[in-house]
Every structure is written in structure tokens, then in C-alpha cells.
Amino acid sequence: MSPDLFAGTTVLVTGASSGIGAAFSDLLAPTGARLVLTARDPNRLERVAAGARAQGAPVDIVVSDLANPGAVEGLLRALDTRGVVVDHLINNAGVGAQGRGAEVPVDHQLRVLDVNVRVATELALRVLPGMVERRRGGILNVASTAAFQGLPGLSVYAATKAYLLTWSEALHHELRGTGVRCSCLCPGPVDTRFFASADMARPAAAFGMQTPGVVARAGLRAYRRNASHGMSGPMPRAGAWLTRLAPRALSVRVAAGYARPGSAR
Ligand SMILES: NC(=O)c1ccc[n+]([C@@H]2O[C@H](COP(=O)([O-])OP(=O)(O)OC[C@H]3O[C@@H](n4cnc5c(N)ncnc54)[C@H](OP(=O)(O)O)[C@@H]3O)[C@@H](O)[C@H]2O)c1
């Protein structure tokens, strides 16, 4: 049997303190990889790290608010100081800001853009040349089914996910023959802190909520196959296809029921 793709490599997971990022950590821990986990909350991060260490994985944690200017540079400098070379990057950290574009404070919306787009892009572009030189490793970007149409009430969020999807598709193509891979995971609703953090009500059951473990597993499956996209099951896949077939204005009208204000934090 050939060794696991991740065995003997180093995997950097952003947004690893909860939800899908923590599930990536759990699934990668038994593969023989060294894990580097980053997020803002040191306590949650330490709990996730302890779970991975209990499965035998060497784990580094770096506490960082990636929305801060210069955060990516700081993160990579911290890794360099520890002699860590990133083989696989899982660009998972992401935030939303529920509300109408004209009403949500501009700085909240710009933070969504910064974390979901600028940080993911900068991190990938800074580690990619080394991966290409070593002819191994790659990038797994976590987008969303929100990427497939405009999403009223989460407009900037959906646009950031559309960016991640089209950017990943192009990178995937550019990297052919280099030994380096790029995949993009597009989950539907997942049972995490995301909704509370975005001040959004949990979506209705009809949207088909999934667990972080199921979603992270689908992401790693797509990445191992070097597929350009990974969907986390028949429901998100069908949703994405219907969206492509329907007139764009209709898709947006249907999606408008998704992002409703919530209070739980
Ligand atoms: N839940 C869903 O329905 C759903 C659906 C499709 C796609 N996604 C995507 O899945 C990814 C993971 O989200 P999730 O659902 O697992 O939600 P989550 O539990 O809220 O996880 C988000 C992660 O991002 C980190 N993060 C947020 N802001 C950050 C910042 N400024 N700097 C550093 N880290 C930051 C959070 O950690 P700290 O708070 O500790 O910083 C946390 O670890 C996101 O990209 C999200 O857009 C989620």
C-alpha cells in the first residue's frame, strides 16, 4: 500500500480552533503528518491540538488574528523561526457578516473580504513557489455553495467564496504537471459556530445541515484525488447544479431566504 499523501509532511490549517478546521485536524492527526494549527482563540486551539497530539501527531499552534495587517507575514515568520516548511495549506479560516450591504458596518464587511480573500490568497501565494520547487504539496481552499450565486444578506461573503472557487479552478489548471495540487471544497450548511459569529439564524432544516467531520472528510477526499472541486454530498452537489441550470436572477431570489438575522452568539 502506498503511504498516505500527508505522511511525513507538514499541514498548515487556518481556522483550526473550531468547526471544519478542527475536524480537519482530527482527520489529519493519524496520517503521520505534522500539524500547524492557527486561529485567534488560544484555548480552543489548544483543545484541538491536544486532541491531535493524543492521536500521535506533532502539533504546533500559532495564535494569530489574520484580519490584522501583516498577520500573514508574521505567521510565516513564526513558522520560519521554528524551521517549519509548509507542504500542504488548508485555507479554511472564514467569516461572514449577515445583513444588507447598505446597513452592516463597512469595517465588518471589509474584515470578511480580508480574512476570506486577502489572507487566503497571500498565504497561498507565499507558500506556493516553495511547493512547486519541491514538486509536492498543495492548497485546499474552503469555499461554499454560496460561491454559486449571489446571496442576499451575506453578499460580500458569497462573493468571497465565488472568488475562492474561480481562483482555485485556475490555480488547479496552472499547477498541472508540477506535482503540486489545488482543490476547492464547497460545503452547504455545516453545524458550526459560523452562524452565531455571523449574527445569522441557523438555516432551515430543508437546507440540509451537515457535520464538520463529514464535510472535512469530503474535502480531504477531493484533495487526495487532486479534484478541482469537492462537494460534501448529494444535497450541496444538486443545489450547485440546479443553480447553474436556473436563470441567475431566479437563483438569487431562491437564495434570499437563506441568510436571516440571528441573535445567538
Ligand atoms: N458553517 C457553514 O455552514 C459553512 C458552509 C460553507 C462554508 N463554510 C466555510 O468553512 C470555513 C470554516 O468555517 P466553520 O463553519 O467551521 O465556522 P467556525 O467554527 O466559525 O470556524 C471559523 C474558523 O475561522 C477562525 N477565524 C475567524 N476569524 C479569524 C481571524 N480574524 N483570524 C484567524 N482565524 C479566524 C475561527 O477561529 P477563532 O475565532 O479562534 O479565530 C475558526 O477557527 C469558513 O471558511 C466558512 O466560510 C462554512
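## Contacts and overall build

In the protein chain, take the contacts between residues at least 6 apart in sequence: 67% of them join residues at least 24 apart. This is a predicted model, and its protein chain holds nine helices and seven strands.

How does the overall size work out? A compact globule of 265 residues would have a radius of gyration near 18 Å, and the protein chain comes in at 18 Å, so the two agree. Along the principal axes, the C-alpha atoms fill a box of roughly 50 × 35 × 30 Å. As for burial, 44% of the 265 residues count as buried.

For a look at one pairing, go to strand S4 (residues 88-91) and S5, which run in the parallel sense over four bridges. Asn 91 takes part here: its bridge partner in S5 is Asn 141.

## Around the ligand

Which residues come closest to the ligand? They are Gly 15, Gly 19, Arg 40, Asp 41 and Gly 94, out of 30 residues that surround it. By type, the shell splits into 14 nonpolar, 11 polar and five charged residues.

Two helices, H1 (19-28) and H6 (194-197), each supply at least two residues of that shell. H1 gives the largest share, with three residues.

## Two loop residues with positive phi

Arg 135 isn't a glycine, yet its phi is positive, at about 55°. You'll find Arg 135 in the loop between helix H4 (106-134) and strand S5 (138-142). Is Arg 135 buried or exposed? With 10 other C-beta atoms within 10 Å, Arg 135 is exposed, because 12 or fewer is the cut-off for that label.

Asn 226 is another non-glycine residue with a positive phi, near 55°. Asn 226 has 15 other C-beta atoms within 10 Å, so it counts as partly exposed: the number falls between the exposed limit of 12 or fewer and the buried limit of 20 or more.

Definitions and conventions. Residues numbered from 1 in each chain as written. Predicted model: local features only at pLDDT ≥ 70, side-chain atom pairs only at ≥ 80, totals over all residues. Rg over C-alpha atoms; globule rule 2.2 N^0.38 Å. Contact = placed C-beta atoms within 7 Å. Near = placed C-beta within 6 Å. Nonpolar A, V, L, I, M, F, W, Y, C, P; charged D, E, K, R; others polar. Pairing = 2+ DSSP bridges.
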